[in-house]
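I opened my notebook to look up a few contacts between side chains and between helices. Here is what I wrote down as I went.

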Amino acid sequence: MDLKRLAVLLEFARLGSMSAVADVMQTRVSTVSQQIATLSREVGVPLIEPDGRGVRLTAEGRRLADHAVTILAAVEAARAELNPDAEPAGLLRIAGYASALRRVVVPLLTRLAATNPALTMAVHELEPGEASEWLVANRIDLALVYDYNLAPERVDPAFAVEPLWETDWGLAVPATQSLDPGLTAVEVFAHHRDRDWIGNPRNSREETVLRVVAAMAGFEPRITHYADSLDLVDDLVRSGAGVGLLPMARRLREGITLIPLRHPSVTMRTFAWVKKGRQSWPPLRLALTELQRASYFTEPLIRPLMK
C-alpha cells in the first residue's frame, strides 16, 4: 500500500473535494483521482462513490482514512526514532500569528542560531486556518495557532497538539468612557450595544466570541470594521469609530481604556500543532521544548496553558 496514496485519501476525507486536495497538495485534480483509483484497486474495495455532481468516500473509504492517520503517524515516528540522539540540523519551518512570532519565535531564532549552528529556521506569518493548510501540505513543520475559550478551533486528527500559553482579553473602548469595574462581560457588552464593533478579517473566531457574548446580552453586534492589526484596532478605538477586543497584556496607548471581561471571561489560548509522529524529529523536539520554557511567562497576564 503506497503511503503517498494514503496521504491523498486522508486529505480527501478531510477536505471533501478532489479540487481542494489538488490545491493543498499542489497537484492536478486528475492526479488526485488517479491516486485514489489506484489505491482502491490495491485494497480491493471501492473507496469513493458518486454524490450528486461530485464524489464522496464509501464506508470502506472512511475506515481506511481513519487507519491512514495512525499509519502515517507511525511511519513518521519510526523515521524520527532511527536516530533519536542526532543533533538538531536542517531547516525548521515555523508558522504563527504575528505577536507570537515577535514575542517568542524571533528570540528563539536568534538563540538557536548561536547554540545550534547546523539548524536553520524559516518563519511564516499565518493565521490558524492558513497554518493548518500549510501543515497538511508539508509546507511548514510547526504551527503556532490560537483560539478562544468561547470559540475553540477545530483540530485536524492528523495533528498532535501541545498547549503553550493563554492570556485574557478585554474590551477596548475610548478612554472618555468609564464603567463600574464590577460589571460582568454581559453587562459590559450590553452597555455598548449601540456602538460599531471591530472584527478580524483573517480569523472568524474573534467575531464568534463577539457574537456569543452579545447574544448573552440580548443583541446582535454591528460589526462594521475589520482589522487584523492590533495597532489598527487601537487607532479605530481611539478615534471613536468602534469598540473591539484587545489582550489585557497589551501596552495601551493614550486614549484607550481596556475593560476586563469576566463571567464569562474571554481567554486566548496558544497551541503548537505538528503532524503526529514527527514530535521526536530533533529540530521539532528542540523547538517544542524551547517554546514551553517558563521564561516566556514572566508577565503576570500570560500564563502557561495546562493540558
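**Entry 1: charged pairs**

I started with aspartate 235, which forms a salt bridge with arginine 253, and the closest N and O atoms are 2.3 Å apart. For my own reference, a salt bridge is a side-chain nitrogen of Lys or Arg within 4 Å of a carboxyl oxygen of Asp or Glu. Aspartate 235 lies in helix 9 and arginine 253 in the loop between strand 9 and strand 10, so this pair ties together parts that are 18 residues apart in sequence. I noted that helices (H or I, at least four residues) and strands (E, at least two) are DSSP runs, numbered from the N terminus.

This is a predicted model, where local features need pLDDT of at least 70 and side-chain atom pairs count only at pLDDT 80 or more, while totals for chains, interfaces and linings use all residues. Residues are numbered from 1 along each chain as its sequence is written, and side-chain values use heavy atoms, with hydrogens and water left out.

The cut-offs for relative accessible area are under 20% for buried, over 50% for exposed and in between for partly exposed (1.4 Å probe, protein chains only).

**Entry 2: arginine 250**

Next I looked up arginine 250, whose side chain meets that of aspartate 231 in a salt bridge (2.6 Å, N to O). Arginine 250 is in the loop between strand 9 (244-247) and strand 10 (256-260) and aspartate 231 is in helix 9 (residues 230-238), so the pair joins parts 19 residues apart in sequence. Aspartate 231 is partly exposed, at 43%.

Arginine 250 also has a salt bridge with aspartate 234 (2.8 Å, N to O). Aspartate 234 counts as buried, with 0% relative accessibility.

My search of the whole structure gave 21 salt bridges.

**Entry 3: two helices**

How do helix 1 and helix 3 cross? The axes of helix 1 (residues 3-15) and helix 3 (residues 29-43) come within 9 Å and cross at roughly 110 degrees. I wrote that helix 1 is therefore roughly perpendicular to helix 3, a label for angles of 65 to 115 degrees. Axes here are lines fitted to C-alpha atoms, for helices over the stretch in contact, with angles running from 0 to 180 degrees between N-to-C directions.

Note on methods. Angles under 35 degrees count as roughly parallel, over 145 as roughly antiparallel, 65 to 115 as roughly perpendicular and the rest as oblique.
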